[in-house]
Amino acid sequence: MPAKATATMTAPVEWRIGEVAKLTGVTTRTLRYWEELELLQPSSYRASGERLYSATDVARVTRIRNLQELLGFSLAVVRAVLNAGDVDVLDRVRSELKAENLSPSRHRELLDEGIVANDQLLERLDETLARIRSFRDERAAAGERLRDARRELTEAADTPEAPSLTTQ
């Protein structure tokens, strides 16, 4: 009688909202707010309604924080970047690549898909950074004009007025 193969099934790791907050350095209120804005959705809920987050969800929280803090993106811009689909494709590709027993052809397909999605994301980020650079340059020029005006005002105040030619 042949031996029966047993597959070991391990449940995916899931974190509660407080645990995600501690892991990522954001508050539970922020996580709920992002859920209201549809930036982040828990992977599942317990019967009691408690939110459960997967490793992919935690990575998304970190990504949102980085886009906000490192690049100064507003939540509207963060949503546009994340909802473009490339990030979701990259997350899916990453998850599939971790799976065992991928055929070499499927492995290549996933890598090609990841490369395309990553290149598209980089292109969009470069465009956004160019707009940010342009805005920064405009602000720097405006600041320089303000400094010039201030300098001229100071110089005018420091220069004594020429005496009047009319005498009394």
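Colleague: What span does H6 reach from its first C-alpha to its last?
Modeller: In this predicted model, H6 has 55 residues. At 1.5 Å a residue, 81 Å is expected. The span is close to that, at 78 Å.

Colleague: Which helices do the buried residues of H6 pack against?
Modeller: The buried residues of H6 are Leu110, Gly114, Ala117, Leu121, Leu125, Thr128, Ala142 and Gly143. Residues three or four places apart on an α-helix point the same way, because a turn takes 3.6 residues. The packing partners of the buried H6 residues are H3, H4 and H5.

Colleague: What span does H3 reach, and what is expected at 1.5 Å a residue?
Modeller: H3 has 15 residues. Its buried residues are Asp57, Val58, Arg60, Val61, Ile64 and Leu67. From first C-alpha to last, H3 reaches 21 Å, close to the expected 21 Å.

Colleague: Is Arg60 buried or exposed?
Modeller: Arg60 is found in helix H3. Beyond four places in sequence, Arg60 contacts Leu39, Leu40, Leu82, Asn83 and Asp88. Its relative accessible area is 10%, and the cut-off for buried is under 20%. Therefore Arg60 counts as buried.

Colleague: How many residues are in the largest nonpolar core?
Modeller: Helices H1 (17-24), H2 (28-36), H3 (55-69), H4 (75-82), H5 (86-98) and H6 (104-158) each supply at least two of its residues. Leu31, Trp34, Val61, Leu67 and Val78 have the most contacts inside this core. The largest nonpolar core has 23 residues.

Colleague: Which residues does Leu31 touch, not counting those up to four places away in sequence?
Modeller: Leu31 is among the residues with the most contacts inside the largest nonpolar core. Not counting residues up to four places away, the partners of Leu31 are Ile17, Val20, Ala21, Val26, Leu40, Tyr53 and Val61.

Colleague: What is the strand order in the open sheet?
Modeller: The sheet has three strands with antiparallel pairing. S1 and strand S2 (44-45) stand at the edges, because each has a single partner strand. One side of each is left without a neighbour in the sheet. The order is S1-S3-S2.

Colleague: What separates the C-alpha atoms of Arg16 and Tyr53?
Modeller: Arg16 lies in strand S1 (residues 15-16). Arg16 and Tyr53 are 37 residues apart along the chain. Their C-alpha atoms are separated by 6.3 Å.

Colleague: Which side chain has a polar contact of 3.4 Å with that of Arg16?
Modeller: Arg16 is partly exposed, with a relative accessible area of 37%. Not counting residues up to four places away in sequence, Arg16 touches Arg46, Glu50, Arg51, Leu52 and Tyr53. The side chain in the 3.4 Å polar contact with Arg16 is that of Glu50.

Colleague: Which side chain does a polar contact of 2.5 Å join to that of Glu35?
Modeller: Glu35 lies in helix H2. Glu35 is buried, with a relative accessible area of 15%. Beyond four places in sequence, Glu35 contacts Leu40, Gln41, Pro42, Tyr45, Arg51 and Tyr53. The 2.5 Å polar contact joins Glu35 to Arg51.

Colleague: What is the phi of Glu38?
Modeller: Glu38 is found in the loop between H2 and S2. At 58% relative accessibility, Glu38 counts as exposed. Its phi is positive, in a residue other than glycine. The value is near 65°.

Colleague: What pattern does the chain follow along the sequence?
Modeller: The secondary structure comes to six helices and three strands. Buried residues make up 23% of the 168 residues. Read along the sequence, the pattern is β-α-α-β-β-α-α-α-α.

How values were computed. Residues numbered from 1 in each chain as written. Predicted model: local features only at pLDDT ≥ 70, side-chain atom pairs only at ≥ 80, totals over all residues. Heavy atoms only, no water. Core = buried A, V, L, I, M, F, W, Y, C linked by side-chain atoms within 4.5 Å. Buried < 20%, exposed > 50% of the residue type's maximum accessible area, 1.4 Å probe, protein only. Helix = DSSP H or I, 4+ residues; strand = E, 2+ residues; numbered from the N terminus. Contact = heavy atoms within 4.5 Å. Polar contact = N/O pair within 3.5 Å; in protein donor to acceptor, adjacent residues only side chain to side chain. Pairing = 2+ DSSP bridges. Expected span 1.5 Å × (residues − 1).
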